[in-house]
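Visitor: I have a structure to go through with you. Can you walk me through it, a piece at a time?

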Amino acid sequence: MTTTILMFVAGLVLLVGGAEVLIRGASRLAGRFGVSPLVVGLTVVAFGTSAPEMAVTVGAAATGASQLALGNVVGSNIFNILFVLGLAALFAPLIVARQVVWREVPLLIGLSVVLMVMSLDGHIGRLEGALLFGGLLVYTAWTVWASRKATAAAADDALPPPTGNPAVDAVFIVVGLALLVLGAKWLVDSSVTFARALGVSELVIGLTIVAAGTSLPEVAASVVATLKGERDLAVGNAVGSCIFNIAGVMGLAGLASPGGVLAPAATIAFDLPVMLATAVATLPIIATGHRINRWEGLVFLGYYAAYLAYTVLAAQQHDALHGFTDVMLWYVMPLTALTLVVVLLAEARKSRMRS
């Protein structure tokens, strides 16, 4: 138990330290090569912090356990939006760039729809995987090109690039990502040991600790970026990770799995629609003032807790599942929808008054 406690503490230290090193290297690299911190968050940081999802999902697909692959991606995307953005917003309201509102989030919604359609026949084959991964390559190349073009156009007003060796910045990024992945592994392993010692079932451990564990790098990177004032990078990391999970992770999983990635009926019926609804609901929230306020972050966290509770109750076929479902369906969700409508109307009224 002493070893487990030390591993838990060391995992936390590695997560925070790795995030600090990663954000420092990524921010300097962005300025050096004329790419905005937002784009670095959408690409380098997002893809790097999704390494655990990539390892788990592609490894499961390649070894024949492809039924785990789709669930891991879908669960990670729900976690990234509701938990990662929600937690980061509690530390400081997140300023969302116009590019994310009108390009990346609609792209995420579109990819979520595409993944749902691809899954309807019960599997995602190699052709579909190739299409997803090819789309990621095009998106990444175009995003970097557009950012460099915009930065060059505004070069007269830009700050001078950081001095020093760009190789050092690259080393910072690689070391930071390695520390994040190792810290997440130690934290998950020690948490599983604690849970077993407390008598928690293997099923609940898998649905909670292990499912969230692969997204711990995104949590650490986004929270540290928020605290350091790099809020564009924090939002870009969460949204970019979701895009990478669908196009990159599922694309490679489809290519790696001999018989295609299986799409369980339960995932098609519940988890995929929740993932799509989460992406859709994000758009009106961030479109109002291009920010995620603390109270909205709290709502995100509340909904993730509700999703987690439903998942655990459904897995155990608990007697409280029916009542919990009724409360969410007939009270919580309509109240949230009403709140969003009121906020949107208020924002529209403010816009008319300013114009």
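Guide: Let's start with contacts (heavy atoms within 4.5 Å). In the protein chain, 86% of the contacts with a separation of 6 or more are between residues 24 or more positions apart.

Visitor: Where do the coordinates come from, and what gets counted?
Guide: This is a predicted model: local features need pLDDT of at least 70, side-chain atom pairs count only at pLDDT 80 or more, and totals for chains, interfaces and linings use all residues. Residues are numbered from 1 along each chain as its sequence is written, and side-chain values use heavy atoms, with hydrogens and water left out.

Visitor: How many helices and strands are there in the chain?
Guide: The protein chain has 13 helices and four strands. Both are DSSP runs numbered from the N terminus: helices are H or I with at least four residues, strands are E with at least two.

Visitor: And what percentage of residues count as buried?
Guide: 46% of the 355 residues. Buried means under 20% relative accessible area, exposed over 50%, and partly exposed in between, with a 1.4 Å probe and protein chains only.

Visitor: Where is Ser 50 found?
Guide: In the loop between α2 (37-49) and α3 (51-62).

Visitor: Why does Ser 50 count as buried?
Guide: Because its relative accessible area is 0%.

Visitor: Which side chains have a polar contact with Ser 50?
Guide: The Glu 218 side chain, at 3.4 Å, and the Ser 241 side chain, at 3.5 Å. A polar contact is a pair of N or O atoms within 3.5 Å; within protein, one must be able to donate a hydrogen and the other to accept it, and residues adjacent in sequence count only if both atoms are side-chain atoms. Leaving aside neighbours within four places in sequence, Ser 50 is in contact with Glu 218, Ser 241, Phe 244 and Asn 245.

Visitor: Next, Gly 25. Buried or exposed?
Guide: Gly 25 is buried, because its relative accessibility is 0%. Its place is in helix α1 (residues 2-32).

Visitor: What is Gly 25 in contact with?
Guide: Asp 169, Phe 172 and Ile 173, leaving aside neighbours within four places in sequence. The C-alpha atoms of Gly 25 and Val 171 are separated by 7.7 Å, though the two are 146 residues apart along the chain.

Visitor: What about Val 56, and where does it lie?
Guide: Val 56 lies in helix α3. With 42% relative accessibility, Val 56 counts as partly exposed. Beyond neighbours within four places in sequence, Val 56 is in contact with Asn 72 and Thr 214. Val 56 and Thr 214 are 158 residues apart in sequence, and 8.2 Å apart C-alpha to C-alpha.

Visitor: Core next. How many residues has the largest nonpolar core?
Guide: 61 residues. Those with the most contacts inside this core include Leu 70, Ile 78 and Val 100. A nonpolar core is a set of buried Ala, Val, Leu, Ile, Met, Phe, Trp, Tyr and Cys residues joined through side-chain atoms within 4.5 Å.

Visitor: Which helix gives the largest share of this core?
Guide: α4, with 12 residues. Apart from this core lies another, of 25 residues, among them Ile 23, Val 39, Ala 184 and Ala 220.

Visitor: What does Val 100 touch?
Guide: Leaving aside neighbours within four places in sequence, Val 100 is in contact with Leu 38, Val 105, Pro 106, Val 235 and Val 239.
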